[in-house]
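Please open the model in your viewer and keep the selection panel at hand.

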Amino acid sequence: MDINDLKSFVDMSPTSYQVVEHIKMMAAGFIRLEKEEAWHLEEGGKYYLVNEDGAILLFSLGKRDPETMAFRTVISHTDSPALRLIPGGIRREKDCVRMDVEPYGAIINADWFDRPLSLAGRIIADGKTGVESIPVDFRDAVATIPHLAPHLHREVNTGYVFKAGKDLVPLASKAWDEGGFIRDLAALADVKAEDILDYDLYFYPAGDSDFIGVDEKWLSAPRLDNLATAYPAVMALFDEEKNDLTQVVYLADQEEIGSLTQSGGDSSFFGNTLRRIVGDLGEEAYYRVLARSFLLSCDMAHGDHPNYRDAANPSASPVLGGGVAVKLSASRSYATQGHSSARFKRMMKGAGLKVQLFANPHGQRGGSTIGPLSLRHVDMEAIDIGIPTWAMHGAREVVHVDDVRDFYDAIAAFFKAENF
């Protein structure tokens, strides 16, 4: 996998809707399935299924033998922290418009100031046969959130808390007043302004990602959480040759806000889809298939930060460039347990790949993943793994390019390992 391809994918995929659209474009040879239609699956066939525009599940069907069938499953997510535009939340000011937003996920508030911001997502329009969903992306910088100068804001460097609805409000051109925004949005989607019924739009940092360092070993980019694991997982599935096992990549949406949605990791969609893949082999076969299966839950891991060593677990703090991290938690906020970790480490050793460990700092629970949530719906062994990251949930995050390549190699090894 070429790291430049990941960079390009991130730059052209500002929201989960663009992520799914671009994966669909890349899925040559994969047949699209629809939830409401009957499925006619063939061994060796490749298929994908879109859920609520922002989530996608792809699979390559192996042998449907109840005595040997098993899933090699990788799960990740398509969404990232951002600022969601409240529909209708455009307020007229003297010389501009204020765009009322809500934080989507746990953003770093200060990161969003004084940046060129663009806007992307989807519109829902009145179509000929019903409502129609259309992905949109302005691409150009359309707004900014300017700081108040320190002369007028003495507390700005002494722990001031920026507030949504007051400080954290993008400002856009006066040209978007008096219906100008809806007209431009309609032109972007190639629909009539009066046909726009609703929209899900998110501000994001405009501009391309960058490589950092004289050796260009660090990638600085938005949305690496979680596209830095989602993209390599999909590419590993695309690159895998026919296999007797059924390989699955599920990219859920809305992980950053808890996954309690139709397209989130805690919905029944994942389990229902696996059950349909097993199909007429029957319920007993389905449970036996799950018992032979394995799930890799893939998300980012906090990398050891030289400026904040007191914010790390001294026994398990992975470094950038040190390889894929296994994520541990005594509270099981990650899916990892001893047996699943041992199986993964054995596979990695056989592939000549490094393994690091991550645990949250003592006394802190930290974030969770869709791994434990998915296990509420499917009974299979699982592990949480990730790529060490700086500035997680920042407007720009940083990873080491070698870790991304190692992650791709790990997923490829997982898909092809016969004795896992």
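On a 1 Å grid over the protein atoms alone, a pocket is an open set of points with protein on both sides within 12 Å along at least five of seven lines, whereas a cavity is a set of points where a 1.4 Å probe fits but cannot get out, and lining residues have an atom within 4 Å of a point. Grid points are joined across faces, edges and corners, and a volume is the space filled by probe spheres set on the points. This is a predicted model, in which local features need pLDDT of at least 70 and side-chain atom pairs count only at pLDDT 80 or more, while totals for chains, interfaces and linings use all residues. Residues are numbered from 1 along each chain as its sequence is written, and side-chain values use heavy atoms, with hydrogens and water left out.

**The largest pocket**

Begin with the largest pocket, whose volume is about 730 Å³. Select Ala301, His302, Phe358, Asn360 and Met392, which of its 37 lining residues are the closest to the centre. Then colour β16 (301–302) and β18 (355–359), each of which supplies at least two residues of this lining; helices (H or I, at least four residues) and strands (E, at least two) are DSSP runs, numbered from the N terminus. By class, the lining of the largest pocket has 15 nonpolar, 16 polar and six charged residues, where Ala, Val, Leu, Ile, Met, Phe, Trp, Tyr, Cys and Pro count as nonpolar, Asp, Glu, Lys and Arg as charged, and the others, Gly among them, as polar.

Next, select Pro14, Asp79, Ser80, Pro81 and Ala82, which lie nearest the centre of the largest cavity among the 24 residues that line it. The structure holds one cavity of 30 Å³ or more, and the largest cavity contains about 260 Å³ of space. Which element gives the most to its lining? Show β11, which contributes four residues. The lining of the largest cavity divides into 12 nonpolar, seven polar and five charged residues.

**Two helix contacts**

Now display α2 (residues 16–26) with α4 (residues 224–239), whose axes are 12 Å apart at an angle of about 15 degrees; axes are lines fitted to C-alpha atoms, for helices over the stretch in contact, and angles run from 0 to 180 degrees between N-to-C directions. The two helices α2 and α4 are therefore roughly parallel, a term for angles under 35 degrees, with over 145 counting as roughly antiparallel, 65 to 115 as roughly perpendicular and the rest as oblique. Select Val19, Ile23 and Met26 of α2 together with Leu227, Tyr231, Val234 and Phe238 of α4 to see the residues that make the contact, meaning heavy atoms within 4.5 Å. This contact of α2 with α4 has seven nonpolar residues, no polar and no charged ones.

Among the contact residues are Ala228, Pro232 and Asp239 of α4 and Phe407, Ile411 and Phe415 of α9.

**Two backbone details**

Most residues other than glycine have a negative phi, and most peptide bonds are trans. Select Asp225 and Asn226, where the peptide bond is cis, with omega near 20 degrees; Asn226 is found in helix α4. Finish at Glu178, which has a positive phi of about 55 degrees although it is not a glycine, and which is found in the loop between β10 (171–172) and α3 (180–189).
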